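Please view the sequence and structure below before reading on.

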Amino acid sequence: MGFPDLINPKQTIVIALGDPAGIGMEVVLKALGSQALPHSIEPVLVGCRSSLEAVHQRLRHTTSAALADPAQLTIDDQPLQSAVPSGAPSVEGGAAGFRWLTRAVRLLQHSQARALVTAPIAKHLWHAAGHRYPGQTERLAELAGSERSSMLFTAVSPYSAWRLNTLLATTHIPLGTVAQTLTPELVSHKLDVLLNFCQRFNPHPHLVVSGLNPHAGEAGQLGSEEMTWLTPLIEGWRAKHPRIRLDGPLPPDTCWLSAARAWHQPNQPGPDGFLALYHDQGLIPVKLMAFDAAVNTTLELPFLRTSPDHGTGFDIATRGIARPDSMIAAIQAAWELS
């Protein structure tokens with residue numbers, strides 16, 4: 001199947017609709033129906049048109065939120081091979097989400113569109129469908145031919161307008177493998193990626209690195225990684241970047257306290273970027289502060305990809321109550337950062 005001709009590729013945001021049984025279609029319709037997005041954005045949706053129309057019809061009776069009308073949207077129609085009811089996770093739904101993501105990337109590459117936004121998928125359903133990737137990020141890197149990719153979460157506070165940026169040094173791996181996966185080379189590279197992103201907003205950003213162990217190792221009493229290589233690495237990186245303030249390794253349980261103050265209090269300075277060493281270490285504070293505002297941003301690809309900071313929401317997918325805030329933020333970030 002050929003790709004649709006896009007009138008203004010540089011104004012086009014390609015949106016993959018995610019798992020069809022989840023809330024992806026709902027939050028996309030609500031986000032595109034809101035008044036919060038720039039009017040110059042030209043979205044192209046990749047997924048099943050008839051499923052999107054069915055979700056739209058149901059939402060008209062279950063929510064008072066403004067909705068985009070599928071009849072007025074550009075949709076690269078990729079029909080489901082069998083029915084996938086909302087709220088009913090299935091292998092077919094996982095396969096469809098994988099197929100739609102792949103198609104969306106190919107469309108973006110073909111048309112040279114501005115950026116990609118992805119609605120949530122369920123990793124275990126991808127696996128059940130035979131696609132054994134840790135997540136969408138790794139599939140995107142493969143499609144883009146990139147040896148590396150990085151996962152960063154960014155959010156702008158509605159209270160103070162301060163921007164929270166948290167990069168993950170490791171992503172979707174078991175906790176038991178984090179210590180051996182972390183290396184001086186990896187952490188140094190992730191610091192470079194974080195610096196590059198934060199310099200979009202501040203030429204001389206303040207960066208923070210979290211420790212790995214409780215109390216950042218407590219001088220080797222609670223773990224040796226900080227003493228043996230993490231602290232020396234940070235000192236070496238700092239020496240190479242004398243105009244950049246870099247703190248760490250800080251105890252993980254207090255590392256984000258300055259972020260919490262900056263998030264909630266106007267005129268309270270906070271660091272420009274945080275480096276978390278593993279998935280939940282970074283995402284617990286991000287989601288506590290910014291669950292409805294945070295955007296998952298994939299860096300180191302030849303295109304920008306963003307995604308809401310929430311999952312498929314299978315349990316609420318038929319109720320019309322899913323909040324579109326994070327999808328709105330993801331589309332805004334795709335537009336502004338690309």
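Predicted model: local features only at pLDDT ≥ 70, side-chain atom pairs only at ≥ 80, totals over all residues.

Which residue in β10 is the bridge partner of Leu-152? The partner is Thr-297.

**Strand β10 and its neighbours**
- Strand β10 spans residues 295–299, and five of its five residues are buried.
- Strand β5 (residues 150–156) runs antiparallel to β10 and is joined to β10 by five bridges.
- Strand β11 (residues 305–308) also pairs with β10 in antiparallel fashion, through four bridges.
- Thr-297 stands opposite Thr-306 in β11, and Thr-297 is also the bridge partner of Leu-152.
- Five residues separate β10 from β11 in a hairpin, and Glu-300 in the turn has a positive phi of about 75°.

**The two faces of β10**
- In a regular strand, side chains alternate between the two faces of the sheet.
- One side of β10 carries Val-295, Thr-297 and Leu-299, the other Asn-296 and Thr-298, and both faces are covered.

**Nonpolar cores**
- The largest nonpolar core has 93 residues, and those with the most contacts inside it are Leu-32, Leu-45, Leu-116, Leu-182, Val-187 and Ile-331.
- Helix α11 (residues 325–337) supplies the largest share of this core, with nine residues.
- A second core of 19 residues is separate, and its members include Phe-153, Ala-155, Leu-164 and Ala-259.
- Leu-182 touches Ala-169, Thr-170, Val-187, Leu-212, Trp-229 and Leu-277, leaving aside residues up to four places away in sequence.

Terms used
Residues numbered from 1 in each chain as written. Heavy atoms only, no water. Core = buried A, V, L, I, M, F, W, Y, C linked by side-chain atoms within 4.5 Å. Buried < 20%, exposed > 50% of the residue type's maximum accessible area, 1.4 Å probe, protein only. Contact = heavy atoms within 4.5 Å. Pairing = 2+ DSSP bridges.
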